[in-house]
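Here is a short report on helix packing and a pocket. Have the coordinates open while reading.

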Amino acid sequence: MLKKSISKTDNIKIKEALLRLIGRTGNEDALPLLKEYLRSENQEIKMASTQGLANYPGDEPKDLLLEIIESSDDNRIKKIALKGFTEMIKYSGERNPQNIE
């Protein structure tokens, strides 16, 4: 369902918004979908995917965020990844989807 919603629209702004929100769900389908959109040629889509990973309630994307910090050429994306990474380290265990009401 998540993938269908994003792939249905050609509107970049809607895709960006959906990618940011999908990360917050903690849904098991969210991480593969966000990883897929990290490979986009569009920097805004990459940034939204990174934000989705940073918003993820668990710490599963921590290693991927670190990889983005180390490899991205876009300082905006690095900043988002760094913020998400530090939040995951800071609140490790507290951001688990089961702990969110």
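## The largest pocket

Helix 5 gives the largest share of the lining of the largest pocket, four residues. The model is predicted. Helix 4 and helix 5 each supply at least two residues of that lining. The volume of the largest pocket is about 190 Å³.

Which residues line the largest pocket? They are Leu-38, Gln-43, Lys-46, Thr-50, Leu-64, Glu-67, Ile-68, Ser-71, Ser-72, Asp-73, Asp-74 and Ile-77. By class, the lining has four nonpolar, four polar and four charged residues.

## Helix 4 against helix 5

Helix 4 spans residues 43-55, and helix 5 spans residues 62-71. Their axes come within 9 Å and cross at roughly 140 degrees. The two helices are therefore oblique to each other. Helix 4 passes helix 5 in a left-handed crossing.

On the helix 4 side, Thr-50, Leu-53 and Ala-54 make the contact. They meet Leu-64, Leu-65 and Ile-68 in helix 5. By class, this contact has five nonpolar residues, one polar residue and no charged residues.

## Helix 4 against helix 6

Helix 6 covers residues 75-90. At what angle do the axes of helix 4 and helix 6 cross? They cross at roughly 5 degrees and come within 9 Å. That angle makes helix 4 roughly parallel to helix 6.

Helix 4 brings Gln-43, Glu-44, Lys-46, Met-47, Thr-50, Gln-51, Leu-53 and Ala-54 to this contact. Helix 6 brings Arg-76, Ile-77, Ile-80, Ala-81, Gly-84 and Met-88. Divided by class, the residues of the contact are seven nonpolar, four polar and three charged.

## Helix 5 against helix 6

The axes of helix 5 and helix 6 come within 8 Å. They cross at roughly 145 degrees. Helix 5 passes helix 6 in a left-handed crossing.

From helix 5, the contact takes Lys-62, Leu-65, Leu-66, Ile-68 and Ile-69. From helix 6, it takes Ile-77, Lys-78, Ala-81, Leu-82, Gly-84, Phe-85, Met-88 and Ile-89. By class, this contact has 10 nonpolar, one polar and two charged residues. Leu-65 and Ile-68 of helix 5 also meet helix 4. Ile-77, Ala-81, Gly-84 and Met-88 of helix 6 also take part in the contact with helix 4.

Notes
Residues numbered from 1 in each chain as written. Predicted model: local features only at pLDDT ≥ 70, side-chain atom pairs only at ≥ 80, totals over all residues. Heavy atoms only, no water. Axes fitted to C-alpha atoms, helices over the stretch in contact; angles between N-to-C directions. Parallel < 35°, antiparallel > 145°, perpendicular 65-115°, else oblique. Left-handed = near helix turned anticlockwise from the far one by under 90°. Contact = heavy atoms within 4.5 Å. Nonpolar A, V, L, I, M, F, W, Y, C, P; charged D, E, K, R; others polar. 1 Å grid on protein atoms, 1.4 Å probe; cavity = no way out; pocket = protein on both sides within 12 Å on 5 of 7 lines; lining within 4 Å. Points joined across faces, edges and corners; volume = space filled by probe spheres on them.
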